[in-house]
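Try each task before you read its solution.

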Amino acid sequence: MSDNRFSIEINAISKKYALGTLNSGYMTFRETIYGLFERNSSSKKSIYALENVSFHVDEGEVVGLIGGNGAGKSTLLKILSRITPPSTGYAKIHGRIGSLLEVGTGFHPELTGRENIYLSGSILGMKKQEIESKYDEIIKFSELEQFLETPVKRYSSGMYVRLAFAVAAHLEPEILLIDEVLAVGDLKFQNKCLGRMKNISRSGRTIIFVSHNMSAINSLCSRAILLDKGQLIFDGNTAEAISKYFEVSFGKYGEIRWDNIENAPGEQGFKLRSFEITSEDKEPLTTVRVDEAILLRITYRTLKENMQFRIALALYAGGVCAFTILEPEENIRKDIGEYYSEVEIPKNFLAEMNYSVYLSVFSSAGTKNHYCRIPNLTMFQAYDPMTGASARGDYAQNIEGIVRPKLKWKTGLKSRQTE
Amino acid sequence: MAPLQNTLDENFILIEPDKIITLSELFEFWYYRELLFFFIWRDIKIRYKQTFLGFTWVIIQPLFMILVFTYFFGELAKVPSEGVPYPLFSFAGLLPWNLFTEGLNRSTTTMITNAQILTKVYFPRIIMPLAGIISPMIDFAIAFGIFTILMLYFGYIPGINLVLLPLLVLLVLGTALGVGLWLSALNVLYRDFQYTLPFLIQLGFFLSPVVYPSTLIPERFEYLYALNPMSGIIDGFRWVLLGTNPPGFTLLISIGVIILLIISGIIYFKRMERYFADVV
């Protein structure tokens with residue numbers, strides 16, 4: 001009796017693909033005929049895209065599904081939306097299910113915007129009557145009133161995506177499966193989409209939401225499931241799932257160490273020993289919160305006396321250099337031995353970005369010398385736990401920028417309008 | 001308690017590795033009937049989007065075919081035409097033949113051209129070849145209009161048998177569906193099937209009485225010939241439109257073959273459809 005309140009029941013689902021059929025599944029008839037004459041060779045290897053995954057989703061629950069590429073997220077959504085069958089196991093779905101695995105599914109470039117609303121809506125599972133009743137709303141959301149009679153092939157990619165999402169966003173099944181649809185359009189539209197998603201998630205519908213955007217997952221989902229290499233490795237609290245996700249996908253980046261001095265990077269008497277990201281109290285970190293300070297610490301060995309150089313760390317985000325931290329002067333390391341240098345990035349300075357660290361050790365006094373240069377030393381993702389203490393305050397949507405310092409605001413009344 | 005629970009819990013979808021065809025799938029098909037309509041509507045819309053070219057092509061294509069047939073088969077080769085003017089005779093054969101081949105062409109490739117939809121949304125896949133078979137009805141209607149004009153020009157008025165025409169059209173669609181289901185499923189699994197289709201259609205053209213009357217077939221091959229369902233249907237078309245000899249027993253064989261094709265086609269298609277998204 002009690003299982004009636006589950007919207008989705010997934011029981012020991014596995015999905016096996018024969019190796020080699022992942023990219024091009026189809027064969028030619030000729031190959032099959034030839035295949036009949038081949039000995040049953042050992043070449044029939046297969047891999048599991050999903051292995052023995054089970055979980056339940058309650059009615060009205062919004063669950064995030066996270067994991068790296070190839071973790072099996074999309075396969076799971078495809079099984080639940082009945083696009084592909086599981087190899088073993090079963091799932092029970094209670095209620096009308098709709099899936100949004102891509103924006104613009106079923107759009108045809110020759111048809112006009114208006115025609116595509118009907119076509120795409122119908123393909124996504126809406127009844128004609130339903131589309132008609134939501135037609136005005138869809139158009140208003142897309143902001144494309146004056147282009148409805150234009151063939152979609154003349155649309156800019158932004159317009160296309162806006163129309164596509166507008167249709168998709170008005171899909172109202174009891175259970176909704178969503179795959180990464182937020183990564184569309186310009187920033188303004190992305191925020192609008194996120195806002196819409198929030199509304200949907202508050203409307204009491206059951207949602208499974210797949211995304212690589214951890215702040216979206218964090219703000220939308222009350223619970224998250226982490227998949228890795230086809231297996232469910234965590235199911236529970238969203239923040240915890242996200243930190244596990246970073247741990248799995250980036251490893252313990254909190255520490256990179258070269259134990260063998262022979263292989264350690266560096267030249268002209270400089271040898272790098274380790275690079276660490278730690279909390280203020282020197283605990284190695286696996287996740288970086290934007291609302292807590294972190295220490296970047298390098299240890300290195302000098303093989304000569306009186307070495308003079310400067311250490312610089314450049315942090316790259318979104319393809320550009322977010323900022324560079326460098327020692328203000330070229331210090332002399334007088335003794336031969338092991339040194340450390342560390343620098344603190346204050347709390348509420350980083351944005352929710354994936355930062356990659358570029359280390360450079362050099363001197364420019366006299367002759368220019370490079371002692372060590374490592375472009376992609378490590379990578380870390382900073383995330384906002386949405387406690388309200390960060391620079392975003394109570395603003396829950398996307399914020400542009402590669403750093404996000406928390407700065408003081410002051411607002412006062414300059415003069416009161418008298419009339 | 002477990003079985004009771006299942007009966008109480010009437011409204012759920014079960015997703016399993018292997019599913020046999022169930023009655024509920026028929027209801028499901030009914031639920032998706034609007035989508036079938038939208039696919040047909042889309043096909044027609046796109047075909048006539050460049051209105052001028054789309055429309056004129058539908059008129060020009062059969063007219064030129066008839067012209068060529070009449071000259072080469074009717075005039076030069078002196079192919080008999082059961083006492084009917086040759087243009088009318090061949091046109092009456094071309095009408096169902098074009099409806100059949102156009103449906104076959106569209107339904108065979110529809111899974112590949114719509115792969116993007118296939119891998120992202122669920123619906124009963126059978127809707128796709130079905131839409132491909134039904135949408136050429138517009139072309140058929142236009143061609144039929146031209147045929148009517150030609151018929152009046154030659155002074156032919158069809159008799160009471162004309163009421164059987166819709167039934168014959170249904171048989172054409174049924175043939176296209178039976179063959180189309182097989183070919184569309186095979187084409188997803190073995191992509192080279194698509195290339196054999198023009199050859200098969202050409203072969204079928206000469207194995208069907210489009211440009212010649214089936215009376216030319218020696219009597220000992222008659223039943224073998226009737227295994228091609230289009231032969232009985234084309235004879236039937238000429239019978240109801242032009243008053244030639246009724247197809248008789250061959251049409252019954254055709255109907256039997258069609259039913260067999262559709263049933264086996266549905267079973268094969270249904271068995272394969274769950275894997276389409278994996279391989280397409």
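**Exercise 1: the hole inside**

The largest cavity comes to about 80 Å³. Keep in mind that this is a predicted model.

Step one: count the cavities. There are 3 of 30 Å³ or more.

Chain A supplies S122(A), G125(A), M126(A) and K127(A), while Y31(B), Y32(B), E34(B) and L35(B) come from chain B.

Step three: sort that lining by class.

**Exercise 2: where the chains meet**

Work out how much area chain A and chain B bury between them, and pick out a salt bridge.

Step one: tally the residues in contact. Chain A brings 51 and chain B brings 43.

Step two: get the area. About 4300 Å² is buried between the two chains, and carbon and sulfur atoms give 59% of that.

Step three: look for salt bridges across the interface. The rule turns up 2. One of them pairs K15(A) with D278(B), whose closest N and O atoms sit 2.8 Å apart, inside the 4 Å cut-off.

**Exercise 3: a helix pair**

Describe how α9(B) and α10(B) pack. Two packed helices are described by the angle and the distance between their axes.

Step one: locate them. In chain B, α9 covers residues 165-189 and α10 covers residues 193-207.

Step two: take the geometry. Their axes come within 9 Å and cross at roughly 145°.

Step three: name the contacts. L183(B), L186(B) and N187(B) of α9(B) meet F193(B), Q194(B) and L197(B) of α10(B). By class, that's 4 nonpolar, 2 polar and no charged residues.

Technical notes:
Residues numbered from 1 in each chain as written. Chains lettered and ligands numbered in written order. Predicted model: local features only at pLDDT ≥ 70, side-chain atom pairs only at ≥ 80, totals over all residues. Heavy atoms only, no water. Axes fitted to C-alpha atoms, helices over the stretch in contact; angles between N-to-C directions. Helix = DSSP H or I, 4+ residues; strand = E, 2+ residues; numbered from the N terminus. Contact = heavy atoms within 4.5 Å. Nonpolar A, V, L, I, M, F, W, Y, C, P; charged D, E, K, R; others polar. 1 Å grid on protein atoms, 1.4 Å probe; cavity = no way out; pocket = protein on both sides within 12 Å on 5 of 7 lines; lining within 4 Å. Points joined across faces, edges and corners; volume = space filled by probe spheres on them. Buried area = accessible area lost by both parts, 1.4 Å probe. Salt bridge = Lys/Arg side-chain N within 4 Å of Asp/Glu carboxyl O.
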